[in-house]
Amino acid sequence: MSILVNKDTKVIVQGFTGKEGTFHASQCIDYGTQIVGGVTPGKGGQEHLGRPVFNTVAEAVEATGATVSMIFVPPAFVADAVMEAAEAGIELAVIITEGAPVRDMMYAKMYATKKGMSTIGPNCPGIITAEECKIGIMPGFIFKKGPVGLISKSGTLTYEASNQVVKEGLGITTAVGIGGDPIIGLSYKQLLPMFEADPETEAIVMIGEIGGDLEIQAAEFIKENITKPVVAFIAGQTAPKGKRMGHAGAIISGSSGTAAEKMEALEKAGVKVVVSPADIGKAVKEVLGR
Amino acid sequence: MNIHEYQAKEIFRKYNVPVPRGKVAFTVDEAVEAAKELGGDLWVVKAQIHAGGRGLGGGVKLAKSLDEVRHWADEILGMTLVTHQTGPEGKVVHKVYIEEGADIAKEYYLGMLLDRAAEMPVMMASTEGGMEIEKVAAETPEKIVKVTIDPTIGFQGFHGRKLAFGLGLPKEEVGTFVKFAAALYNAYMDNDAELVEINPLIKTGDGRFLALDAKMGFDDNALYRHPDISEMRDLDEEEPTEVEAKAHGLSYVKLDGNVGCMVNGAGLAMATMDIIKHEGGEPANFLDVGGGANPETVAKGFEIILKDPNVKAIFVNIFGGIVRCDRVANGILEATKITDVTVPVVVRLDGTNAEEAAEILKNANIQNIIPAENLADGARKAVAAAKGEL
């Protein structure tokens, strides 16, 4: 088991024939992901990476039965691509593109929600179910199968955390990079219950950062609903106020969105919060009693 | 991206958000000329910098004659203005805004930003005009009225009425206020703003609402579709090293410590700062070199970090995924040939081909490159190196 995606998941790629789309789609294919086709308007009927190219998402869905779309289109076209996927009946859109305007994402997410489509990202590494299905840009080999679910706002910290978990002799069920933009799709609060319900997941790692209050919402949710052990790390304990730290959403506004307040809320909810990012793997081993 | 008050007011005018008449001036003579053109017998001379608290810092002065305009413009232009938002080093004033004096009957606050929890814009109003809204929110939150606005329906009358009645406005003023708020909503949405603040919003003796101050910030990701706003960028207001880093695709923020950091990925870059602190040191910067970490970007990274004279050691922390560590290791060696790296560099490379990378660094045998085993080891060594203990 796993959450959201597995070896049977059929995936199309929007922005399939572009440089990024091509490189990462072929990496996903090598990993074993069922990439069943792609969409590039105007290139319908061609073949790319041995898969069919379609002009529209609707045609791609009809021909391939895909339920997930991995989106690589340039930032200005992200909202359009997401809404097209939602309209075509895609169930989950994984938005890798970095730099989409907030206003666009606001409309795109509202429309996706209305159509019953979930989104991950934008500006994220994607989602991976270890040794089954990689939909994104993460280095696949770091994610070995095991009992730990992983939710993270940061790409390289996801790799770091998974690497530490694997070095402790454990592994990952599914890892989701949710992205660090001001408006994102699935977040801790929606993903935590999925891991709670997944019989293979025994512990959950959540990696947050400064800005916004998703981690605080997660803390409240964990307190009431999550029985599996949770380990958390919040990046940006030393970040200054009012400065954007790389991610568009990683900014302490006034006195809210600090790492300290998030760590405190999570600790109060019974989460094992580590101060040092080097202690994530060890803490997971500890909470699992291994 | 932030802009000046005078620029925000230009945008306000375009959207029929009422503002007092005013003109920007770069010299004392221009300031006096501007006051003459505006006419009247009362002017305000306002320093234009990207920071709040200008009045308290001495950057906003009333002038009752053209001689006083000349006096205050001369005083303010070129001064280093220190406010609670500029930091102790302050900011040099390069331009002043000359504005007609206004008859203030009452001061309010009106602002708009993204409510990240609701995923919609929120408009906020308060009777505590002139006060810092953060402070009002912390001390007297009941004095702030908020409405989230679903952008698919846009700004409706009821949004404005909720704010107006919440402020306790008499019913004959409600209509004027609603019109003002609707105009502000359009200015915010049309331009992909991430923040707009009017503090104070004033009511004049004759019952008009006017934006006495104006602050706007924009979503950097949307600037491509607003060339007019992109042109308002004032590089004098930005940290030069941060601007230079951005031009090379790097994301840099200067901090006060002495351990320089070079990392791939924003989250790991923040985590690297945190672990340095955790190990008893102080990070000198945030630096995300992005996914590529090729020799040119690494060299540029070294150059930017070393512009800060406080830096006594550098911690290079790269988690190689798609980018292979052996390539990064070669990149680091290459970079030390391009840029003269004068301080010890602790290098931690993990991920794809990490062992080959360790071998490359070991064989290169460069005295001030110190390989690290893992994240914690790297942080410890970097902190020790900065203290001269390695």
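In chain A, seven strands form an open sheet with mixed pairing, in the order 9-8-11-10-12-13-14. Strand 9 (133–136) and strand 14 (272–273) of chain A stand at its edges with a single partner strand each, so one side of each has no neighbour in the sheet. This is a predicted model, in which local features need pLDDT of at least 70 and side-chain atom pairs count only at pLDDT 80 or more, while totals for chains, interfaces and linings use all residues. Residues are numbered from 1 along each chain as its sequence is written, and chains are lettered from A and ligands numbered from 1 in the order in which they are written.

**Terms for strands, helices and contacts**

- Helices (H or I, at least four residues) and strands (E, at least two) are DSSP runs, numbered from the N terminus.
- Two strands pair if DSSP finds at least two bridges between them.
- Two residues are in contact if their C-beta atoms, placed from the backbone, lie within 7 Å.

**The sheet of chain A and its helices**

- Strand 12 (residues 203–209) and strand 13 (residues 230–235) of chain A pair in the parallel sense over six bridges.
- Opposite M206(A) stands A232(A), which belongs to strand 13 of chain A.
- Helix 8 (residues 259–268) of chain A packs on the sheet and touches strand 12, strand 13 and strand 14 of chain A. Its direction makes about 170° with that of strand 13 of chain A, where angles run from 0 to 180 degrees between N-to-C directions and axes are lines fitted to C-alpha atoms, for helices over the stretch in contact.
- Helix 9 (residues 280–287) of chain A lies across strand 10 (145–152), strand 12, strand 13 and strand 14 of chain A, and runs at about 160° to strand 13 of chain A.

**A248(A), a loop residue**

- A248(A) lies in the loop between strand 13 and helix 8 of chain A.
- A248(A) is buried, as 24 other C-beta atoms lie within 10 Å; a residue is buried with 20 or more such atoms within 10 Å of its own C-beta, exposed with 12 or fewer, and partly exposed in between, with C-beta atoms placed from the backbone.
- Apart from neighbours within four places in sequence, A248(A) is in contact with G180(A), D181(A), P182(A) and, in the other chain, N221(B).
- A248(A) and I183(A) are 65 residues apart in sequence, and their C-alpha atoms are 9.6 Å apart in space.

**The contact between the chains**

- Chain A gives 48 residues to the contact and chain B gives 42 residues.
- On the side of chain B that touches chain A, two or more residues each come from strand 13 (251–254), helix 9 (266–278), strand 15 (285–288), strand 17 (345–351) and helix 13 (375–386) of chain B.
- Helix 9 of chain B provides the largest share of that side, eleven residues.
- By class, the side of chain B that touches chain A has 21 nonpolar, eleven polar and ten charged residues. Ala, Val, Leu, Ile, Met, Phe, Trp, Tyr, Cys and Pro count as nonpolar, Asp, Glu, Lys and Arg as charged, and the others, Gly among them, as polar.

**Chain B as a whole**

- The secondary structure of chain B comes to 13 helices and 18 strands.
- Of the 390 residues in chain B, 47% are buried.
- The C-alpha atoms of chain B fill a box of roughly 80 × 50 × 40 Å, taken along the principal axes.
- Among contacts in chain B with a separation of 6 or more, 68% join residues 24 or more positions apart.

**Two helices of chain B**

- Helix 2 (residues 28–38) and helix 3 (residues 66–76) of chain B pack at an angle of about 145°, with their axes 9 Å apart.
- Helix 2 of chain B contributes V28(B), A31(B), V32(B), A35(B) and K36(B), and helix 3 of chain B contributes L66(B), V69(B), R70(B), A73(B) and D74(B).
- The residues of this contact divide into seven nonpolar, no polar and three charged.

**Confidence**

- The mean pLDDT of chain B is 93, and 99% of its residues reach 70 or more; pLDDT is the predictor's confidence in each residue, from 0 to 100.
- In chain B, confidence is lowest in helix 4 (residues 133–139), at a mean of 84, and highest in helix 1 (residues 5–14), at 98.
- The model scores ipTM 0.92 and pTM 0.93.
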